[in-house]
Protein chains: 2
Amino acid sequence: MNKTRKAIVDLGQDLVKKIEKKKQPQIIVPVRALSNVIYNRKTKQLELGNKKSERQFFNVAHAKKFLQTLEIAAISKELMEETKHASLRDVFYMAKRTIPNTDTNIVDEQSESDKAIEDLELITGGSREQLHVNANKNGSVAGKVTIVDKGDTIQWDKMGSGGWSIPSNVEEIKFKKMQAKYVLYMEKAAVWERLHEDKFWEKHKCIIMSSQGQTTRGIRRLLQRLSSEHKLPIYVLADFDPYGVYIYSVIKYGSINLAHMSGKMSIPSVRFLGITADDIIKYDLKKHFIKLKDIDIARLKQIGNYEWFKDNKPWQRQFKMMKDFGAKAEIQALSSRGISFISEKYLPEKIKKNEVID
Amino acid sequence: MNKTRKAIVDLGQDLVKKIEKKKQPQIIVPVRALSNVIYNRKTKQLELGNKKSERQFFNVAHAKKFLQTLEIAAISKELMEETKHASLRDVFYMAKRTIPNTDTNIVDEQSESDKAIEDLELITGGSREQLHVNANKNGSVAGKVTIVDKGDTIQWDKMGSGGWSIPSNVEEIKFKKMQAKYVLYMEKAAVWERLHEDKFWEKHKCIIMSSQGQTTRGIRRLLQRLSSEHKLPIYVLADFDPYGVYIYSVIKYGSINLAHMSGKMSIPSVRFLGITADDIIKYDLKKHFIKLKDIDIARLKQIGNYEWFKDNKPWQRQFKMMKDFGAKAEIQALSSRGISFISEKYLPEKIKKNEVID
């Protein structure tokens, strides 16, 4: 029995013991709220503090959450036993039923089952994926790597124009042959297709990876495994805008609502490759500026005040320049210099000169 | 020289001739507006009517659009010659520059270059992909098929848990080995992962394909090629809601703003597999209803009035039942009957009994 499954079984057995001893059945869960999120300057990760809350069965305010936690634990245990994986939405529907002899549903909204799963991550020490609950899948990868997954040998350098589609759960993937020297992660699928068509990963012996917008958990875990198991440097290529910075921030430091997962998800060594304010000046991209909206300016201020950015001079300089420009710029603005400018000049030069922001 | 490239060259040469003869340089473009979109009951496709508009160089109202069309034609020709593909966003940045000795940009908004590309599809008879301009990529595929793409042999049944990532452009793919009997297309990546984990495509000798939300052009073309070149039946699995019906409608009949592309994009033989109102009753899914919002009701009415649905009794029955329920339901509601209910019972039974809506 693996660790996560054992933790679920222990949770149940512990509660049975309490009941047999006629003690109050209760679960202790660390508090997941900004008030209990700490930025650890040493590990460069968001972490949970020590605040804990009790969830008691014989307490009207706790009883429903107590029940939800146990119901989701039972679903997770069943999934593990059947060696099947469910999505968050599936788990919601599996848990949604009326408690006998009442008008009350165990869960009414997906947010309730989602929270119970996050609590179980904390209780068991296992990730959502290890609880057999998957997030959405998205994204493609290509590069000088061969993996084994579900018995199939998959060559990331023999995937035609499409690439390998990154699953929601990458825990079981085995790296069989690793010839890549670094990973280039980009927020835009169109940029990925540009680099793929130009055989960037072949020329530069690397891995190119992308989602579309938000970085999925599958991608974050894959990047994390490539960083920790193969010591590959990870570069993030994003727009010069608050959203692009946030994409980088989540990959590097973790996210506030998943602070308890930082150890498994965040990659302190990741570096921001561009687009930067300096690129805009150097490559004359000002004519492709897009004016910052009020909401962008507010977001920029908020990000600048994050504890992990507050004393970071290179980033504060970027934020100030973005504010002074009053404008943002997209990766694709580089196409104004020629369709393959990004793969033939921009990226090779920046990587060679190590023009990154840390 | 291929047909599309030749058409671009012809366009340019024709204009040069007109100029040399001191005639007005002009381009004739069919009108792309709802007023010129016709539903062809025989082919079951949306088509463009015969209305045409002239775009003249020596006409203040036309000059800018004339210039935009030519600029995009030049970019497309260059891309074809370099055998490179650009995204819509790339093309916008490539076209965006100031006309010498003026304050005017060739394009200011991406919508302008997008429209010029659509016009060029009409003028050349080639698709956007044939003009070397790609839409966004998204989606995964797995199944009993082997393809050759960019010199790589790719087995869709050896892709581990991820699947092959569908590129934005599938025109050059060659089908090498086809053992699939049908294609199941679903709107949700999470449902795809469910069926993939259950090895649905292996047991039922089929192809499973999904995007997330909107069906990309790459996917539509891939479905179309599987339908026309391999005569595979295509089933659509979507939510029971107006959005799910619209996903089906676009795949089957084409979309209003791409009516000129229907021949290459739409698949009149595609059938809707579910979720239907009848499924909801049969499988007792009413407790998982989600109330229709005003916007859903308005959309439902609009879809019901589309010419291609207006006289379709099975669909009108579904629309009426949705309205009477006042509610919609998601595919994942089936998970309430067990995590693999969809792959072990729901889908095999429906396909066997041919319970489809046409």
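Trainee: Quick one: is B:Gly163 buried or exposed?
Mentor: B:Gly163 is buried, because 27 other C-beta atoms lie within 10 Å. The cut-offs are 20 or more other C-beta atoms within 10 Å of a residue's own for buried and 12 or fewer for exposed, with partly exposed in between and C-beta atoms placed from the backbone. Keep in mind that this is a predicted model, where local features need pLDDT of at least 70 and side-chain atom pairs count only at pLDDT 80 or more, while totals for chains, interfaces and linings use all residues. Residues are numbered from 1 along each chain as its sequence is written, with chains lettered from A and ligands numbered from 1 in the order in which they are written.

Trainee: And where does B:Gly163 sit?
Mentor: In the loop between β9 and β10 (164-165) of chain B. Helices (H or I, at least four residues) and strands (E, at least two) are DSSP runs, numbered from the N terminus.

Trainee: What does B:Gly163 touch, leaving out residues up to four places away in sequence?
Mentor: A:Ser165 from chain A, plus B:Ser140, B:Val141, B:Ala142 and B:His196. Contact here means C-beta atoms, placed from the backbone, within 7 Å.

Trainee: Switching to chain B's β9, which sheet is it in?
Mentor: An open one of three strands, ordered β9-β8-β11, with antiparallel pairing. β9 (152-155) and β11 (174-178) of chain B are the edge strands, each pairing on one side only. From one strand to the next the twist averages 20°; axes are lines fitted to C-alpha atoms, for helices over the stretch in contact, and angles run from 0 to 180 degrees between N-to-C directions. Two strands count as paired if DSSP finds at least two bridges between them.

Trainee: How many bridges join β8(B) and β9(B)?
Mentor: Four, in the antiparallel sense, with β8 of chain B running over residues 145-149. B:Ile147 has B:Ile154 in β9(B) as its bridge partner.

Trainee: What's the strand order in chain A's open three-stranded sheet?
Mentor: β9-β8-β11, and the pairing is antiparallel. β9 (152-155) and β11 (174-178) of chain A have a single partner strand each, so one side of each lacks a neighbour in the sheet. β8 (residues 145-149) of chain A pairs with β11(A) over four antiparallel bridges, and A:Ile147 stands opposite A:Phe175.

Trainee: OK, the core. Which residues touch the most other members of the largest nonpolar core?
Mentor: A:Val183, A:Val236, B:Val183 and B:Val236, in a core of 163 residues. A nonpolar core is a set of buried Ala, Val, Leu, Ile, Met, Phe, Trp, Tyr and Cys residues joined through C-beta atoms within 7 Å.

Trainee: What's around A:Val183?
Mentor: Beyond its neighbours within four places in sequence, A:Val183 has contacts including A:Cys206, A:Met209, A:Leu223 and A:Tyr235. A:Val183 belongs to strand β12 (residues 183-186) of chain A, which is covered on both faces: A:Val183 and A:Tyr185 are buried on one side, A:Leu184 and A:Met186 on the other.

Trainee: Which strands does β12(A) pair with?
Mentor: β12(A) pairs with β13 (residues 207-210) of chain A in the parallel sense over four bridges, and likewise with β14 (residues 234-237) of chain A, parallel over four bridges. A:Tyr185 has A:Met209 as its bridge partner in β13(A), while A:Val183 stands opposite A:Ile234 in β14(A).

Trainee: Helices now. How much of α3(B) is buried?
Mentor: Seven of the eight residues of α3 (residues 88-95) of chain B. Those buried residues pack against α5 (189-197) of chain A together with α2, β5 (86-87), α4 (110-124) and β6 (133-134) of chain B.

Trainee: And what does α2(B) span?
Mentor: α2 (residues 63-81) of chain B has 19 residues and reaches 27 Å from its first C-alpha to its last, close to the 27 Å expected at 1.5 Å a residue. That expected span is 1.5 Å times one less than the number of residues. Just after α2(B), B:Thr83 takes a positive phi of about 45°.

Key:
Contact = placed C-beta atoms within 7 Å.
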